[in-house]
Amino acid sequence: KPKQSRNIQYLLTFSGTYLLAITLIHLLPELFHYNTTNNIGLYILCGFLIQNLLEYFSKGIEHGHFHKKTTIPFSVFISLCIHALFESLPLGSGLHQHTHNSLLTGILIHKIPVSIVLMTCFLQSKLNRKKAYFLLFLFAIMLVIGIYANSVFEFLSIFHDHIIAIVI
């Protein structure tokens with residue numbers, strides 16, 4: 001359990017900034033350089049809408065906004081899992097090696113503090129430790145499922161630019 005939530009917020013801020021830098025330095029230039037889709041900006045805006053919806057349901061927990069509660073709404077957990085799944089989808093497709101490695105590093109750095117906050121919420125809500133670890137495992141496996149889904153389901157490669165734009 002973190003003793004000071006401020007330290008977690010610093011870590012979340014750093015990881016979010018790191019992902020923003022990767023987006024601006026790698027993902028956006030690569031998307032617009034190799035883009036074969038018209039109106040790609042609409043897909044980026046769609047991604048912002050999806051992010052806002054997910055933040056509404058997660059109650060801002062991924063930004064360190066957590067409060068002691070006796071229960072954790074199921075929507076918070078589902079929202080964080082969907083967010084992790086979406087974030088990892090581009091990793092299973094044809095990104096350049098340096099972009100792939102940068103994005104993977106950024107996602108891992110970002111998910112560590114989110115996992116700490118999520119586990120803290122589980123423990124503060126008096127959830128059984130075994131259930132808490134199982135739910136944390138489910139959250140962590142979402143990244144692997146996203147990578148695996150995009151590399152196994154070949155029809156998703158048709159939507160590579162769309163997926164990158166939404167994730168941006």
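Student: Where is G146 placed?

Tutor: G146 lies in helix 5. Helices here are DSSP runs of H or I with at least four residues, strands are runs of E with at least two, and both are numbered from the N terminus.

Student: What kind of model is this, and how are things counted?

Tutor: It's a predicted model, where local features need pLDDT of at least 70, side-chain atom pairs count only at pLDDT 80 or more, and totals for chains, interfaces and linings use all residues. Residues are numbered from 1 along each chain as its sequence is written, and side-chain values use heavy atoms, with hydrogens and water left out.

Student: Thanks. Back to G146: buried or exposed?

Tutor: G146 is buried, at 0% relative accessibility. Buried means under 20% relative accessible area, exposed means over 50%, and partly exposed is in between, using a 1.4 Å probe and protein chains only.

Student: What does G146 touch?

Tutor: Not counting residues up to four places away in sequence, G146 touches L85, S88 and L89. Contact means heavy atoms within 4.5 Å.

Student: Tell me about S88, then. Which helix is S88 in?

Tutor: S88 belongs to helix 3, which covers residues 74-88. S88 has a relative accessible area of 0%, so this residue is buried. Leaving aside neighbours within four places in sequence, S88 contacts I107, M142, L143, G146 and I147.

Student: Which backbone oxygen does the S88 side chain reach?

Tutor: That of L85, at 3.1 Å. For reference, a polar contact is a pair of N or O atoms within 3.5 Å; within protein, one must be able to donate a hydrogen and the other to accept it, and residues adjacent in sequence count only if both atoms are side-chain atoms.

Student: Changing topic: how many salt bridges are found in the whole structure?

Tutor: The search finds one salt bridge. E87 pairs with K111, and their closest N and O atoms are 3.0 Å apart. The pair links distant parts of the chain, with E87 in helix 3 and K111 in helix 4, 24 residues apart. The cut-off is a side-chain nitrogen of Lys or Arg within 4 Å of a carboxyl oxygen of Asp or Glu.

Student: Are those two, E87 and K111, buried or exposed?

Tutor: E87 counts as buried because its relative accessibility is 11%. K111 is buried too, with a relative accessible area of 6%.

Student: What else does E87 touch?

Tutor: Not counting residues up to four places away in sequence, the contacts of E87 include L19, I107, H110 and V167.

Student: How do helix 3 and helix 4 sit against each other?

Tutor: Their axes come within 12 Å and cross at roughly 170°, so helix 3 and helix 4 are roughly antiparallel. The contact is made by F77, L80, H83, A84, E87 and S88 of helix 3 and by I107, H110, K111, V114, L118 and F122 of helix 4.

Student: What are the conventions behind that?

Tutor: Axes are lines fitted to C-alpha atoms, for helices over the stretch in contact, and angles run from 0 to 180 degrees between N-to-C directions. Under 35 degrees is roughly parallel, over 145 roughly antiparallel, 65 to 115 roughly perpendicular, and the rest oblique.

Student: How far does each helix reach?

Tutor: Helix 3 has 15 residues and reaches 22 Å from first C-alpha to last, close to the expected 21 Å. Helix 4 (residues 97-124) has 28 residues and reaches 40 Å, close to the 40 Å expected. The expected span is 1.5 Å times one less than the number of residues.

Student: What happens just after helix 4?

Tutor: K126 takes a positive phi of about 65° there, although K126 is not a glycine. Most residues other than glycine have a negative phi. K126 sits in the loop between helix 4 and helix 5 (129-152) and counts as exposed, at 71% relative accessibility.

Student: Last one: how many helices and strands are in the chain?

Tutor: There are six helices and zero strands. Of the 168 residues, 42% count as buried. Among contacts with a separation of 6 or more, 74% are between residues 24 or more positions apart.
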